[in-house]
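Biologist: I would like to learn how to read aromatic rings and nonpolar cores in a model. Can we go through them one by one?

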Amino acid sequence: MGIAPFVPGLCLAQADSGRSASEPDRRPNIVYIMTDDHACQAVGAYGHPIARLAPTPNIDRLARAGILFRESFVENSISAPSRATLLTGMYSHHHGQTTLQYGIMDTTCVHFPELLQEAGYETALFGKWHLSIEPKGFDWYDIFYDQGEYYNPVMRTPETDGAYLRQEGYATQIVTDHALAWLDAHREDGRPFCLMIHHKAPHRNWMAERRYLELYEDVEFPEPPTLFDDYATRGDQMRQQQLTIDKHMGYAFDFKVEELKDEPTLPYIRASWDLAMQTLTPEERQAWDEAYARMNRDFLAQRPEGRDLLRWKYQRFIHDYCRTIRSVDDQIGRVLDYLEAHGLAENTIVVYASDQGFFLGEHGLYDKRFMYEEAFRTPLIMAWPGHIRPGTECRELVQNIDWAPTLLDVAGVVPPASMDGRSLVPLFGNGRAKGWRRALYYQYYDYPAVGNVRLHYGIRTDRYKLIHWYGPGEAGDPDIDCWELYDLKRDPHEVHNVCDDPHYRKVRARLEAQLNRERQRIGAE
Ligand code: CA
């Protein structure tokens, strides 16, 4: 991206006032790119060792050109709630989409693209939607069915009358193709645009693009220090959850060992493998089978056990996960190149985010849902020449409730009072702002559900995290009511719950009071 003269974080809500009809519309374009389950540990710019072995040069290019939010979090670490929060700027309990269940979102909430559209923006959305309500505020959209598929996904537009049509190719590329084709058709319209590109990758079950099926095969990724976490200081929720790499992933669906597809596993996993394989064309299936036959040969001959088996599973999982991210990074590069080639880069804010973070083997886990760091965090990068100083790092606590107010502010639209978050524009100057928030609230509601993660809520400051696990048990689980407290400065990997440690009595009392005040302030239940 080019570098224009730097304008420190200013109140942009007035930026467009006084523009007459004869003047060109210089309001910035917005390109918002979001992946699904992309952990900070696998984004090069965040500096984790995994990303040194599986780099993301195009996402890093964006970070170098703009601002990297080091302390970026979600308020409810799972897809549909996070997507509803992106659109509304609200906590889950305010927009109603607290879980993955369809039909529960408050349909009267204002979505930020509606306000952009009213203000004269052209708006479009491509890729994963994952909400049961119709997209609101978009001139055009082309969206996946449900979670979407990696290969030959079905998609629908406003013109297909609700019908999903199969698209030929790999999802990450298809979504980008459609987005760039839309830009081709609209970039000369003279109106600013908001283009949202929502990838399926790197969501489970991590099906790599054909040319990347064997990428990184010679690489051994570092194991996280908590891969063999025994949960010694934790409550019962960790013994009830079903999200471990060791016990709760499927040989075929997750690890791509077709030969072992009938090994005992959670029932939904077996059926999911068959559905995933049905999306491949015969040629794709042949390439797939040949690649995994080569990669599975040693494993099937040796059949490791115990810790070695978990190590093998971790490696296979992280390899496939990073393979899908390689395609994402390629396609982000295409978008950035397009903006530069067509003179759009100077006046466009580009945002990169994920709908939440993900465990890459930390605590022996995959998936999200928990308030533990790797799932609670989410990557967030923004670049905007002339308004964000290249290479800025922000260590203030930011959350996905802030994203809608930020994009409205950037466009010169005053965020409505209904939004819980606040614009991040004041942080664009040097990553700091006076009077910024001191704590984040989190709540998870999706129980009973896949993963069997118990209900919890909590508060996180720059140093501590207090979590309350609560609620009646379902299907044989006992009721639960327990607390966890982590000192993130001394215990960044969250393995020492100090909730009952007398040294932390005052800290706990202070955090409990803070948590109660926060719950009252935002009306959490
Ligand atoms: Ca997700």
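Modeller: Gladly. This is a predicted model. Start with a cluster: ring pairs join Trp 206, Phe 317, Tyr 321, Phe 358 and Tyr 366.

Biologist: How many aromatic pairs does a search of the whole structure find?

Modeller: The search gives 30. Take Tyr 216 and Phe 221: the ring centres are 6.0 Å apart and the planes meet at 80 degrees, so this pair is edge-to-face.

Biologist: Are Tyr 216 and Phe 221 buried or exposed?

Modeller: Buried means under 20% relative accessible area. Tyr 216 has 10%, so it is buried. Phe 221, at 1%, is buried too.

Biologist: Which pair links distant parts of the chain?

Modeller: Tyr 372 and Tyr 486. Their centres lie 6.1 Å apart with planes at 85 degrees, so they are edge-to-face. Tyr 372 is in the loop between β9 (348–354) and α11 (373–376), Tyr 486 is in strand β16, and 114 residues separate them. Tyr 372 is buried, at 0%.

Biologist: What lies over the face of Tyr 372?

Modeller: Arg 234, at 4.6 Å from the ring centre. Likewise, the charged end of Lys 200 sits over the ring of Tyr 150, 5.2 Å from its centre.

Biologist: And the nonpolar cores?

Modeller: In soluble globular proteins, nonpolar side chains tend to be buried together. Here the largest nonpolar core has 106 residues, with Val 31 and Trp 288 among those with the most contacts inside it. Helix α10 (residues 306–341) supplies the largest share, 15 residues. Another core, of 46 residues, lies apart from it and includes Leu 86 and Phe 112.

Note on methods: Residues are numbered from 1 along each chain as its sequence is written. This is a predicted model: local features need pLDDT of at least 70, side-chain atom pairs count only at pLDDT 80 or more; totals for chains, interfaces and linings use all residues. Side-chain values use heavy atoms; hydrogens and water are left out. A nonpolar core is a set of buried Ala, Val, Leu, Ile, Met, Phe, Trp, Tyr and Cys residues joined through side-chain atoms within 4.5 Å. Buried means under 20% relative accessible area, exposed over 50%, partly exposed in between (1.4 Å probe, protein chains only). Helices (H or I, at least four residues) and strands (E, at least two) are DSSP runs, numbered from the N terminus. Rings of Phe, Tyr and Trp (its six-membered ring) pair if their centres lie within 6.5 Å; planes under 30 degrees apart count as stacked, over 60 as edge-to-face and the rest as tilted. A charge sits over a ring if NZ of Lys or CZ of Arg is within 6 Å of the ring centre and within 35 degrees of the ring normal.
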